[in-house]
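Dear colleague,

Please find below the structure for your review.

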Amino acid sequence: MLIIGGGPSGLLLGQLLGRTGIDNLVLERRSREYVLARIRAGVLESGTVELLREAGVGARMEREGLIHAGIYLAASNRGFRIDFEQLVGGSVMVYGQTEMTRDLYRARDEMQGPTLHGVDEVRIHDADAALPRVSFVHHGREHFVACDFVAGCDGYHGVSRNTIPEELRREFERVYPFGWLGLLSPTPPVSDELIYASHERGFALCSMRNPALSRYYLQVPLDDRVEQWSDDAFWDELRQRIPHDASERLVTGESIEKSIAPLRSLVAEPMRWGNLFLCGDAAHIVPPTGAKGLNLAVSDVYYLWQALKRHYLDGDDRGIELYSETALARVWKAERFSWSMTRLLHRFPDQSEFEQRMQQAELAYLESSAAAQASLAENYIGLPF
Ligand code: APR
Ligand code: PHB
């Protein structure tokens, strides 16, 4: 079994297969340090938390992760809480994707799972044949590896998705006309739970990594540059967009990371071609507003692990046959939720006054309706696998 990509989906798949006695090799283009230096989101659905425990990589998450039983939504500087526990009896875990990836690399070392870093020119040959082969260059030498299955866990910019012939592949995309300016600061979080704020000046999010490390986001025009945003300008703008009580409590400081990320929704179908299976960002991208990116990668991995387990242990290929359909069913629901949160909470440049009133009315409805809040809560903590 060959896994292309040493990010969260590739490593988690390798870990689960390894514990099931299924040998696998992970090929990663970058160094481990580079992969671990990426700043990524950090809200884990309850299903993700469960699977990390089952994979034997939950110990540090249990110790250092923060269980959140709700979030705050805010409109025009006034917030209200969505109580997951009360509405749907669930919660999420705030634990950085970087930390999860670090735990997975440690576990792979312990399991002595073979991992090659710095591979180049990865090519998948005969993915629709009984025995696909993968070629790559490592330390200046070309290698060919024959394998029974290939898992494409190589993200949006990887080779796997484009290995599926164009005439057999369909892509559905929505690019949003704004980005998120993220700032990481070694300051105490402004709130005990995340704040998603809608404001006429644009969206804002108050998140965290731990009690001494906060992560904030501002909606900015796509053509903005990080250099345009001093820390002070960031803090001033954030104060204007979040609830008044929060802006009074806000502790500011010097940022340790600042970057702008574009927002996009993308789904590639199918997620399987012959003996090639796509997982995570290799097959789909969500805007971060629903905190679904990592969790969708995890549910793909869960379905593929189950399918391969049935193949290797029971000689039953129904899971493999149904993998793409099963994974896509959950992917589209999470895409819908992420798109609806983005549409609800952001200011669109070409938005009419009527559309603004629709946003306000939807937020007012959410504030007043337990049924509406329960639907949001159910999607946010994660739909069942
Ligand atoms: N050969 C080998 N490795 C590759 C190649 C290639 N041709 N192309 C990309 N990679 C590696 C990247 O360097 C990266 O480490 O594949 C890995 C893909 O990891 P991610 O992009 O993190 O994707 P995934 O594991 O699916 O995780 C999805 O990441 O971007 C977030 O929001 C997203 O949280 C979600 C999560
Ligand atoms: C983050 O902590 O980086 C984060 C949290 C929730 C989101 C997006 C990002 O929806």
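The shell around ligand 1 comprises 9 nonpolar, 8 polar and 7 charged residues. Please bear in mind throughout that this is a predicted model. In total, 24 residues surround ligand 1, and the closest are Ser 9, Glu 28, Arg 40, Gln 97 and Asp 281. Three of these side chains deserve mention for their distances to the ligand. An N or O atom in the side chain of Arg 40 is 2.9 Å from an oxygen atom of ligand 1. For Gln 97, a polar side-chain atom lies 2.7 Å from an oxygen atom of ligand 1, and for Asp 281 the corresponding distance is 2.8 Å. The protein buries 90% of the 710 Å² that ligand 1 exposes when taken alone. At least two residues of the shell around ligand 1 are supplied by each of helix 1 (8–19), strand 2 (25–28) and helix 10 (293–314).

Helix 6 provides the largest share, with 3 residues. The second largest cavity holds about 50 Å³ of space, and its lining divides into 3 nonpolar, 3 polar and 2 charged residues.

The count of cavities of 30 Å³ or more comes to 2. The largest cavity has a volume of about 50 Å³. It is lined by Glu 45, Lys 292, Arg 330, Lys 333, Ala 334, Phe 337, Asn 379, Gly 382 and Leu 383. Helix 11 contributes the largest share of this lining, 4 residues. By class, the lining of the largest cavity has 3 nonpolar, 2 polar and 4 charged residues.

Turning to ligand 2, 14 residues surround this molecule, and the closest are Tyr 196, Ser 207, Arg 209, Tyr 217 and Pro 288. The shell around ligand 2 divides into 9 nonpolar, 3 polar and 2 charged residues. An oxygen atom of ligand 2 is 2.5 Å from an N or O atom in the side chain of Tyr 217, and an oxygen atom of the ligand is 2.8 Å from such an atom in the side chain of Arg 209. The backbone also takes part: a polar backbone atom of Ala 291 is 3.4 Å from an oxygen atom of ligand 2. Of the 280 Å² that ligand 2 exposes when taken alone, the protein buries 99%. Strand 15 (204–210) and strand 16 (213–220) are the elements that give two or more residues to the shell around ligand 2; strand 15 gives the most, with 3 residues.

Finally, the second largest pocket has a volume of about 260 Å³. Its lining residues include Arg 174, Tyr 176, Trp 339, Arg 343, Asp 350 and Glu 355. Strand 13 (170–185), helix 11 (318–345) and helix 12 (353–368) are the elements that give two or more residues to this lining, and helix 12 gives the most, with 4 residues. The lining of the second largest pocket divides into 5 nonpolar, 2 polar and 5 charged residues.

With kind regards

How values were computed
Residues numbered from 1 in each chain as written. Chains lettered and ligands numbered in written order. Predicted model: local features only at pLDDT ≥ 70, side-chain atom pairs only at ≥ 80, totals over all residues. Heavy atoms only, no water. Near = heavy atom within 4 Å. Polar contact = N/O pair within 3.5 Å; in protein donor to acceptor, adjacent residues only side chain to side chain. Areas by Shrake-Rupley, 256 points an atom, 1.4 Å probe, with all protein chains shown as cover. Nonpolar A, V, L, I, M, F, W, Y, C, P; charged D, E, K, R; others polar. 1 Å grid on protein atoms, 1.4 Å probe; cavity = no way out; pocket = protein on both sides within 12 Å on 5 of 7 lines; lining within 4 Å. Points joined across faces, edges and corners; volume = space filled by probe spheres on them.
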